[in-house]
Amino acid sequence: METTYNEQILTESFKRSVIDGVNNFKPINLQTYVLGDKGEAKLKFILNQILEKINKVELMELLYTSAKELIVNSTKASIKRLIFEENGVDLTKEISDSMMEKFKDSLTDKKFPYFRKLMKEKGYKVNIKFYFDSSKFILKIINNFPLLQGEEVRIRQKFVQAKKYDNLFEYYMDHSDHTEGAGMGITLVEILLVQSGYDRHLFTIYSKNGSSGETIAKLEIPINGNYKPKRFIFEDLLNQGIDLDKLRGEFKHNE
């Protein structure tokens, strides 16, 4: 994958901040609303610096493509809530098919500047967080609101559907006539993981409820054989007979 980008649109203070953070293995945070050219340049710069630091530049295609896809999905989730709020939709109830169609019809490039402005006004932001050291790389794409009623069920269904595919051609053949919402983002990330030699379970999406709830899409990549991802620790404990709800609560609390 081509990793070059126009560094001239990035400020020297931004680049210095990222380089200093990476050299000291500090978590890096990037905030966006609707990802534009500058946001993409920042994303590439951060990933390039981290992957060079941990000697894993070959992961650039996997991580950049996955991050960009998940950021777009997170932006769409924010736009969905803006449209529902504008139309007086009760977010605690099931969303009608007609309202979902209205949301999908709104996803045009011409409307993104309007939605970017509205997201800023309403405080709907997308946070991208990078955690890394010599043993692991963790990417989190975070919406600052929990999943709506029914969204988690649909996401689980998309994960089940994604497991049927090992390449994108098969997926396109089966879903070429589907609109947004068919699970393309989940399927793409899982296929990229598999094709890069990783377990597809290294990708998860979950929600933290409550007044400060969040929705988090997470990629956790082992860098060496000594690191055991939290998802695998979770499954080991589950196989030992520990209560599922208790495990979920403990793991979400410690994220």
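I looked up the handedness of the crossing of α1 and α2, and it is right-handed. I note here that I am working from a predicted model.

I then took the geometry of this pair: helix α1 (residues 12-23) and helix α2 (residues 37-53) pack at an angle of about 30 degrees, and their axes are 10 Å apart. Angles under 35 degrees count as roughly parallel, so α1 is roughly parallel to α2.

Next I listed the residues that meet: from α1 they are Phe14, Lys15, Val18, Ile19, Val22 and Asn23, and from α2 they are Lys42, Phe45, Ile46, Gln49, Ile50 and Lys53. Sorted by class, this contact of α1 with α2 has 7 nonpolar, 2 polar and 3 charged residues.

I turned to the largest nonpolar core, which has 47 residues, and found that those touching the most other members are Ile50, Leu63, Phe130, Phe137, Leu193, Phe203 and Ile221. Leaving aside residues up to four places away in sequence, I recorded that Leu193 touches Leu62, Tyr198, Asp199, Arg200, Leu202, Phe203, Leu219 and Ile221. Another core, of 18 residues, lies apart from the largest one, and its members include Val34, Ala77, Met100 and Leu107.

Phe25, in the loop between α1 and β1 (28-32), has a phi of about 55 degrees, and its relative accessible area of 37% makes Phe25 partly exposed. Asn55, in the loop between α2 and α3 (60-86), has a phi of about 60 degrees, and with a relative accessible area of 62% Asn55 is exposed.

Key
Residues numbered from 1 in each chain as written. Predicted model: local features only at pLDDT ≥ 70, side-chain atom pairs only at ≥ 80, totals over all residues. Heavy atoms only, no water. Axes fitted to C-alpha atoms, helices over the stretch in contact; angles between N-to-C directions. Helix = DSSP H or I, 4+ residues; strand = E, 2+ residues; numbered from the N terminus. Parallel < 35°, antiparallel > 145°, perpendicular 65-115°, else oblique. Left-handed = near helix turned anticlockwise from the far one by under 90°. Contact = heavy atoms within 4.5 Å. Nonpolar A, V, L, I, M, F, W, Y, C, P; charged D, E, K, R; others polar. Core = buried A, V, L, I, M, F, W, Y, C linked by side-chain atoms within 4.5 Å. Buried < 20%, exposed > 50% of the residue type's maximum accessible area, 1.4 Å probe, protein only.
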